[in-house]
Amino acid sequence: MSRSRIHIDVQSMAVADAIAALEKKTRVRTRPEPEPEVVVAAKPAKKGVVGKSDKPAGGAGEIRIIGGQWRRTRLPVAKRPGLRPTPDRVRETLFNWLGQDLTGWRCMDAFAGTGALGLEAASRGAKDVWMIEQDGALVAQLSTLKQRLSAQAVKVQRGDAVNALQQAAPDSLDLIFLDPPFTEDALFLSSLQAAQRAVTADGWIYLEAPSEWDDATLAESGLVRQRYLKAGAVHAHLLRKLPATAA
């Protein structure tokens, strides 16, 4: 065999070996690999978005009915400075305390705002729900929500909450919601005293405040605390009238 023929055969073998190596490498690369475990991290909260336990600083823009005939209904509300709709989690806890069925109850949402508390009571069967609010834009919004829901039990009134409580007949209300503006300290004591007079002996007063009210302070207004919850900046109190002999 000539030297040139040997050289060609050697080159052919080298090329064949290279092709075989390339095919082997390609097969390894294209072999399916096991899928890695995927860990989904919780998405960070967007700036300005608050959780359920917090109160929006500029108005929620929407409320959601927690229970009753309008359960899960979402309702738009006006955005107003300082408007603080009661958080969903606090409302859910409150109505767990009160019981889910408020059939026949007479209620007053004395500082109605978005109407979240009063509408929740109406959704659960309350017979009468008076919503008192001073802000004209919020009164108009409450009237719109009442019409949208065909809430016959709801009565919307523009006016002063403390005065409305003072005008109510003694022992005439089964449930009173008090959620005054957190910056108006004087309203808390005056509304509590007026509510104590208006609520029935076995009725309830719900107080939402920026700080906790202890039994000694409440006793001065003839009230006693039955339940208490702190959620973020909200201090939620469920109160009852002291027995006449202890008042």
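**A tour of helices and a sheet**

Start with helix 2 and helix 3, whose crossing is right-handed (the near helix is turned clockwise from the far one by less than a right angle). Before going on: this is a predicted model, where local features need pLDDT of at least 70, side-chain atom pairs count only at pLDDT 80 or more, and totals for chains, interfaces and linings use all residues. Residues are numbered from 1 along each chain as its sequence is written, and side-chain values use heavy atoms, leaving out hydrogens and water.

Select residues 88-98 for helix 2 and 116-123 for helix 3 (helices are DSSP runs of H or I, at least four residues, and strands are E runs of at least two, numbered from the N terminus). Their axes sit 11 Å apart at about 45 degrees (axes are lines fitted to C-alpha atoms, for helices over the stretch in contact; angles run from 0 to 180 degrees between N-to-C directions).

Now show Arg91, Leu94 and Phe95, which meet Ala116, Leu117, Glu120 and Ala121 of helix 3 (contact means heavy atoms within 4.5 Å).

Next, colour the open sheet: 7 strands in the order 5-4-3-6-7-9-8, with mixed pairing (two strands pair if DSSP finds at least two bridges between them). Strands 5 (154-158) and 8 (223-231) stand at the edges with a single partner strand each, so one side of each has no neighbour in the sheet.

Zoom in on strand 3 (106-109) and strand 4 (128-133), a parallel pair with 4 bridges. Here Cys107 has Val129 in strand 4 as its bridge partner.

Last stop: helix 6 (185-198), lying across strands 6, 7, 8 and 9 and running at about 160 degrees to strand 7.
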